[in-house]
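Let's take a friendly walk through this one. Have the sequence and the 3D view ready.

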Amino acid sequence: MTERLRVQVCYALPTGVCLLDVELDHDSTLEQAIRASGLLERHPEIDLPAAKIGVFGKLRQFSELARPGDRIEIYRPLVVDPKESRRRRAQHKSRATAKAPGG
């Protein structure tokens with residue numbers, strides 16, 4: 001009998017992180033690991049076909065093989081475009097500087 005592959009499946013929520021340990025066959029894909037974790041049942045809001053996934057912060061494909069010790073991450077969609085967020089911060093900062101005494 002061969003030893004099983006151990007990985008973690010991670011989903012970050014606004015209130016915390018859901019991190020689940022999973023044991024799989026050595027020829028399992030990242031998608032199979034996510035499905036085996038039970039995370040999709042715990043968080044039905046996850047639209048897996050539309051989601052982006054990664055391993056330790058690097059984007060990966062669902063079909064890639066999982067490796068021992070991988071932390072498979074499911075990324076939530078961005079709420080605000082990063083460029084728009086930077087623009088708003090810059091505007092806010094320039095307004096605050098203009099209102100400051102002596103500014």
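Is Cys18 buried or exposed? Cys18 is buried, with a relative accessible area of 11%; buried means under 20% and exposed over 50%, with partly exposed in between (1.4 Å probe, protein chains only).

## Before we start

This is a predicted model: local features need pLDDT of at least 70, side-chain atom pairs count only at pLDDT 80 or more, and totals for chains, interfaces and linings use all residues. Residues are numbered from 1 along each chain as its sequence is written, and side-chain values use heavy atoms, leaving out hydrogens and water.

Still, the disulfide count is zero, where a disulfide is a pair of cysteine sulfur atoms within 2.5 Å.

Helices (H or I, at least four residues) and strands (E, at least two) are DSSP runs, numbered from the N terminus. Five strands make an open sheet with mixed pairing, in the order E2-E1-E5-E3-E4. E2 and E4 (58–60) sit at the edges with a single partner strand each, so one side of each has no neighbour in the sheet.

E1 and E2 pair antiparallel over nine bridges; pairing takes at least two DSSP bridges between two strands. Cys10 has Leu19, in E2, as its bridge partner.
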